[in-house]
Amino acid sequence: MTQAPYVVPMEGERALSTDLKITRDGVSCTDPVWDALNRDPEGALWEAWTGLPSGKPVYAAELHPERQLIAMESLLCAGCKQEADRNELGMLWVLPVLDHAEDTVWEGVRTVTPPMCEACASEAKLRCPRLREGWVELRVREAELVGVRGTLHPRPGSNADPDPDALVLYDSADLPFVVARGLVRELANVTLVAAGATVS
Ligand SMILES: [Zn+2]
């Protein structure tokens, strides 16, 4: 692959640390202008990133929030930002098995991974570290946006620690307390097309 995958963060890019305040109404940026810039239409606050890509892709647990949002919202390929592939069974998704239990029922699975085109799916299966230990290729007829993944902050007065990787649905009372890093779609009418692993 000559090009880095679109949604993967690059060296030089990083989360911007912003001053947050947490009230009974939820989490917000102390700077109201910045807060407004980083809110999505559902009311969730998003983590802002800064920096220019200056090196190699960084295959950490996270995708680049802004690019993940663009790809997932518009169903663009996670690898190249072109339209994701569709056939009579639906749209193409390649997901790591790692994120899910071995006996996962893929119907109804919720994911932050955007769909892919055929070419990027083939590349990703060979090269993406997250798929190395197991992947599934799915065709999906419905993929409703259901919420976000991100850091869920405890309510004021609670001694709990923030949950750094919470799934928060749009209809949840937790939505005002999350700082989102990824849009989540729920995959339905799913056909399992293939499964495999790059390394044994
Ligand atoms: Zn692609």
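**Exercise 1. Determine which residues coordinate the zinc ion and which geometry they form.**

Step 1. The ligands of the zinc ion are Cys77 (SG), Cys80 (SG), Cys117 (SG) and Cys120 (SG), at 2.3 Å. Donors are N, O and S atoms within 2.8 Å of the metal (3.2 Å for Na, K and Ca); water is not among the atoms, so sites may look incomplete. The model is predicted: local features need pLDDT of at least 70, side-chain atom pairs count only at pLDDT 80 or more, and totals for chains, interfaces and linings use all residues. Residues are numbered from 1 along each chain as its sequence is written, and side-chain values use heavy atoms, with hydrogens and water left out.

Step 2. The 4 donor atoms subtend angles of 102 to 114° around the zinc ion, and the arrangement is therefore tetrahedral. Four donors count as tetrahedral if all angles lie between 85 and 135 degrees. The ideal angle for four tetrahedral donors is 109.5 degrees.

Step 3. Along the sequence, the donor residues follow the spacing C-x2-C-x36-C-x2-C. Cys77 belongs to the loop between α2 (65-74) and β6 (86-87), and Cys120 to helix α3 (residues 118-127), so this pair ties together parts that are 43 residues apart in sequence. Helices (H or I, at least four residues) and strands (E, at least two) are DSSP runs, numbered from the N terminus.

Step 4. Cys77 is buried, at 0% relative accessible area, and Cys120 is buried at 10%. Cys80, at 21%, counts as partly exposed. Buried means under 20% relative accessible area, exposed over 50%, and partly exposed in between (1.4 Å probe, protein chains only).

**Exercise 2. State how many disulfides the model contains, and examine Cys128.**

Step 1. A disulfide is a pair of cysteine sulfur atoms within 2.5 Å. By this rule the count is 0.

Step 2. For the sulfur of Cys128, the closest cysteine sulfur is that of Cys120, 11 Å away, which is too far for a bond. Cys128 is itself buried, with 18% relative accessibility.

**Exercise 3. Describe the setting of Arg86.**

Step 1. Arg86 is part of strand β6 and is exposed, with a relative accessible area of 58%.

Step 2. Apart from neighbours within four places in sequence, Arg86 is in contact (heavy atoms within 4.5 Å) with Leu75, Met91 and Arg139. Leu75 follows α2 and has a positive phi, near 55°.

**Exercise 4. Identify the buried residues of α2 and α3, and what covers them.**

Step 1. In α2 the buried residues are Pro65, Arg67, Gln68, Ala71 and Met72. They cover an arc of only 160° around the axis and therefore lie on the same side of α2. The arc is that of the directions from the helix axis to the C-beta atoms. Their cover includes β4 (45-46), β5 (49-50), β7 (90-96), β8 (110-111), β9 and β11 (178-196).

Step 2. In α3 the buried residues are Cys120, Ala121, Ala124 and Lys125. Their arc is only 135°, which puts them on the same side of α3. Ala119 and Leu126 are exposed on the other side of α3. The cover of the buried residues of α3 includes β7 and β9.

Methods. Tetrahedral: all angles 85-135°; square planar, octahedral: opposite > 155°, others 65-115°.
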